[in-house]
Amino acid sequence: MSNDQPTSGQPPEDDPFLKRPQEPQPPSSGSPYGSAPPPPPPPPPYDPGPYGGGGAGGTDPLAGMPPLAEPGKRILARLIDFLIISIPLYLISLPWGGAVEMSDNNNDDDVGDIFAQTYSGHQLLWSLIALVVYVAYDTYFTHKDGRTLGKRLLKLRVAMLNDGRVPDTGSAFLRAVVLWLPALLCCPCLWWLINIVLMFTDKPYKQGLQDKAAKTVVVVTN
């Protein structure tokens, strides 16, 4: 792999996305601040919530990281990833009857039969195959450099909230499972709706449920 990580799961010290604090410049002689203007006043007390140790006056975990990604770009990147995987999967499934079974029953009142047909053994099998592929795809690219193909096109990346590093394997896998398991096997419409609403309304980190589980954020990159 192109992004070898230590077996302990800890990212390397040369991680290009690791936040690094700026070195303070020593003041020149003649005044307490030299020729430079005095430093700005400290920011107002900040509550970093569950990731920064809690308590007012803590350090903002986002300090030193790029800006958070806009929800619209995140949604578009996710749609690109979805199409990259779902179209080949569907084409591969065609010789076996397709990944989605169509009901021949035209009776609109027979909701039970439609539901049973949707979740038949054939459909469940392809849903499980899709789950494995989606989770593997997200885990690999998120652990590799924080960017799936969709995020790379939109210039976004996933970062650990506490230090800005590329997520390790465990965090990348957890994020992928929380994102795709309900979306593919349980309640896709409701799940996507909840995550889209959270991306617009969650404060201060614009985290979806997968981000909250893995303690990650999505930021812009060059």
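Helix α5 covers residues 169–185, and at 1.5 Å a residue its 17 residues should span 24 Å; the C-alpha atoms at its ends are 23 Å apart, so the two values agree. Please keep in mind that this is a predicted model.

I begin where the helix begins. At the start of α5, Asp168 has a side-chain oxygen within 3.3 Å of the backbone nitrogen of Gly170.

Next, which residues of α5 are buried? They are Ser171, Ala172, Arg175, Ala176, Val178, Leu179, Trp180, Pro182 and Ala183. Some of these names come back when we turn to the neighbouring helices.

On the α5 side, the residues in contact are Val178, Leu179, Trp180, Pro182 and Ala183, and they meet Pro188, Trp191 and Trp192 of α6. By class, this contact has 8 nonpolar residues, with no polar and no charged ones.

Then there is helix α1, residues 71–93. Its axis lies 14 Å from that of α5, and the two helices pack at an angle of about 85°. That angle makes α1 roughly perpendicular to α5. Here α1 contributes Arg74, Arg78 and Phe82, while α5 contributes Arg175, Leu179 and Trp180. The residues of this contact divide into 3 nonpolar and 3 charged, with no polar ones.

To finish, look again at Leu179 and Trp180: both are buried, both take part in the contact with α6, and both take part in the contact with α1.

Terms used
Residues are numbered from 1 along each chain as its sequence is written. This is a predicted model: local features need pLDDT of at least 70, side-chain atom pairs count only at pLDDT 80 or more; totals for chains, interfaces and linings use all residues. Side-chain values use heavy atoms; hydrogens and water are left out. Helices (H or I, at least four residues) and strands (E, at least two) are DSSP runs, numbered from the N terminus. The expected span of a helix is 1.5 Å times one less than its number of residues. Buried means under 20% relative accessible area, exposed over 50%, partly exposed in between (1.4 Å probe, protein chains only). A polar contact is a pair of N or O atoms within 3.5 Å; within protein, one must be able to donate a hydrogen and the other to accept it, and residues adjacent in sequence count only if both atoms are side-chain atoms. Contact means heavy atoms within 4.5 Å. Ala, Val, Leu, Ile, Met, Phe, Trp, Tyr, Cys and Pro count as nonpolar, Asp, Glu, Lys and Arg as charged, and the others, Gly among them, as polar. Axes are lines fitted to C-alpha atoms, for helices over the stretch in contact, and angles run from 0 to 180 degrees between N-to-C directions. Angles under 35 degrees count as roughly parallel, over 145 as roughly antiparallel, 65 to 115 as roughly perpendicular and the rest as oblique.
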